[in-house]
Amino acid sequence: MYTFYTNPSIFVFSKIKINMPNTISGFSKLTKSEKIEWLLNTYFTDKDNARTLVQRYWNTDHKLQKLHDEFIENTITNYYLPLGVAPNFLINETTYAIPMAIEESSVVAAASKAAKFWLDRGGFKAEVISTEKIGQVHFIYKGDFNNLEAFFNHIKPKLISDTASITKSMERRGGGILDIELRNKSEDLPHYYQLHATFETLDAMGANFINTCLEQFASTFKNEALQFAGFTNEEKDISIIMSILSNYVPQCLVRAEVSCAIEDLKSKDIPNPEDFAQKFKQAVNIAEIEPYRAVTHNKGIMNGIDAVVLATGNDFRAVEAGVHAYAAKDGSYSSLTHCSIANGIFKFWIEIPLALGTVGGLTNLHPLVKFSLEMLQKPNAKELMKIVAVAGLAQNFGALKSLTTTGIQEGHMKMHLMNILNQFAATDKEKLTLVEHFKTNVVTHNAVVEAIEEIRR
């Protein structure tokens, strides 16, 4: 290692090996037990309790535990999330029970309540608008753009033909490379250009397929540039920076909506449907123009979306990144959902980019992912896009319905009650008493603490 000695004007480098505390070389080569022991010895005071906790979360089925261990690197145990179910979703005349993997209280309850509300009002309608996915080869070229454009037009057929062995299987199923464009980005960054490619990956999310194609594009592009007679020697020296798919998929879109006559909105907690519809629409309008509200508004949508994406073995981080970029596509961060009232009809909808898969990755490996997909009646990628979009719309409807009627805390805190009781190690008898008590009393953390203390006195 190098140490750096500094004063305001002088840097002196000395090659001295330093023993940094709490570091280790070759950690990945240790066995799981050795990794755990090193962690316990280095970071924990109560080693026995820490070891017991780690081991308690191991699966007793050794084959299944080995499968989980090999999903990622340096595994020491499993980290559980609850897998819940939101039933009664009527989507395009088919009824679904939707699996949701999430730790946050009230999400599954809100989705279930919204599903039940719309079950008697025609259910949800959903459609896939487009399914194009994007990948890019980013490169630096120092020369005449006209020469680069001529080279690209010359080499484009070979870019595609050189990937034939990669795309053969995908093309047989109806997917593959849709197009490749040359994009000039040199006004934004000197000498920067892209090969911008669109793909159809069908029921696969397609990340590995797209990245493999892109790396072949890059190899062909760079090698053929060396032979192109229309380039100067300097122009032949194209520098490939990177080749990678994009998680921004504005042309992989799905729309979900609900609608009914305004008077049909009437229910136990909506005594005045006209007033409710107007307040609901105003709440959406506020999220459309106010970024501070839009972020929380969209976070609620993602509560529903992420939970289903995770339960079905898809990449919720990629979905999050793409969705939030889409929410800012017009230059200001805005609501993903929209609402209209016209001719006595209330309509609420979402249009959202979702790149999902039902084959490959964890969908073929994780037993609970297989379970979740079977629960959803083994959807293809387009069907899953619709289900996930509906889950997000339902979650947002449930949140806005609470916000514009009873307020968000009444329902949320009642669902959170059990978490607070568990924090204080409440017995089953105490839980029964307190759940009954808070049926008619406002739930706050302080109120729960006071109630527990009163019982225990």
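This is a short walk through the structure shown above, from the overall fold to single residues.

The model is predicted. The protein holds 16 helices and 12 strands. Its C-alpha trace spans about 85 × 70 × 55 Å along the principal axes. Of the 457 residues, 42% are buried.

Start with a sheet. Four strands form an open sheet in the order β5-β10-β12-β11. The pairing is antiparallel. Which strands stand at the edges? They are β5, residues 125–128, and β11, residues 337–342. Each has a single partner strand, so one side of each is left without a neighbour in the sheet. From one strand to the next, the twist averages 20°.

Look next at how β11 is held to its partner. Strand β12 covers residues 345–353, and six bridges join it to β11. The two strands run antiparallel. Ala 342 stands opposite Ile 345 of β12.

Now turn to the aromatic rings. The structure holds 24 aromatic pairs. A pair of rings is described by two values, the distance of the centres and the angle of the planes. Tyr 141 and Tyr 193 make one of these pairs. Their centres lie 5.7 Å apart, with 75° between the planes, and the pair is edge-to-face. This pair links distant parts of the chain, since its two residues are 52 residues apart. Tyr 141 sits in the loop between β6 (133–140) and α5 (145–161). Tyr 193 belongs to strand β8, residues 192–200.

Tyr 141 has a relative accessible area of 1%, so it is buried. Tyr 193 comes to 5%, so it counts as buried too.

A second pair joins Phe 228 and Phe 231. Their ring centres are 5.0 Å apart and their planes stand at 75°, so this pair is also edge-to-face. Both Phe 228 and Phe 231 are buried. The two pairs belong to one cluster, in which ring pairs link Phe 139, Tyr 141, Phe 145, Phe 151, Tyr 193, Phe 221, Phe 228 and Phe 231.

Two other rings have a lysine over the face. Lys 32 lies over Trp 58, at 4.4 Å from the ring centre. Lys 329 lies over Tyr 326, at 4.3 Å from the ring centre.

Next come the spaces in the model. The largest pocket holds about 1400 Å³ of space. It is lined by 42 residues. Which of them are closest to its centre? They are Phe 71, Leu 310, Gly 313, Leu 362 and His 366.

A search of the whole structure finds one cavity of 30 Å³ or more. The largest cavity has a volume of about 90 Å³. Of its 13 lining residues, Met 205, Asn 247, Val 249, Ala 318 and Ala 355 are the closest to the centre. Helix α11 gives the largest share of this lining, three residues.

Finally, consider a few single residues. Leu 202 is not a glycine, yet it has a positive phi of about 55°. Find Leu 202 in the loop between β8 and α7. Its relative accessibility is 26%, so Leu 202 counts as partly exposed. Ala 425 also has a positive phi, near 50°, and is a residue other than glycine. Ala 425 lies in the loop between α14 (408–423) and α15 (428–437). The relative accessible area of Ala 425 is 57%, so this residue is exposed.

Met 385 is the last stop. Its place is in helix α13, residues 381–403. Met 385 has a relative accessible area of 3%, so it is buried. Which distance separates the C-alpha atoms of Met 385 and Leu 354? It is 6.3 Å, although the two residues are 31 residues apart along the chain.

Note on methods: Residues are numbered from 1 along each chain as its sequence is written. This is a predicted model: local features need pLDDT of at least 70, side-chain atom pairs count only at pLDDT 80 or more; totals for chains, interfaces and linings use all residues. Side-chain values use heavy atoms; hydrogens and water are left out. Two strands pair if DSSP finds at least two bridges between them. Axes are lines fitted to C-alpha atoms, for helices over the stretch in contact, and angles run from 0 to 180 degrees between N-to-C directions. Rings of Phe, Tyr and Trp (its six-membered ring) pair if their centres lie within 6.5 Å; planes under 30 degrees apart count as stacked, over 60 as edge-to-face and the rest as tilted. Buried means under 20% relative accessible area, exposed over 50%, partly exposed in between (1.4 Å probe, protein chains only). A charge sits over a ring if NZ of Lys or CZ of Arg is within 6 Å of the ring centre and within 35 degrees of the ring normal. On a 1 Å grid over the protein atoms alone, a cavity is a set of points where a 1.4 Å probe fits but cannot get out, and a pocket is an open set with protein on both sides within 12 Å along at least five of seven lines; lining residues have an atom within 4 Å of a point. Grid points are joined across faces, edges and corners, and a volume is the space filled by probe spheres set on the points.
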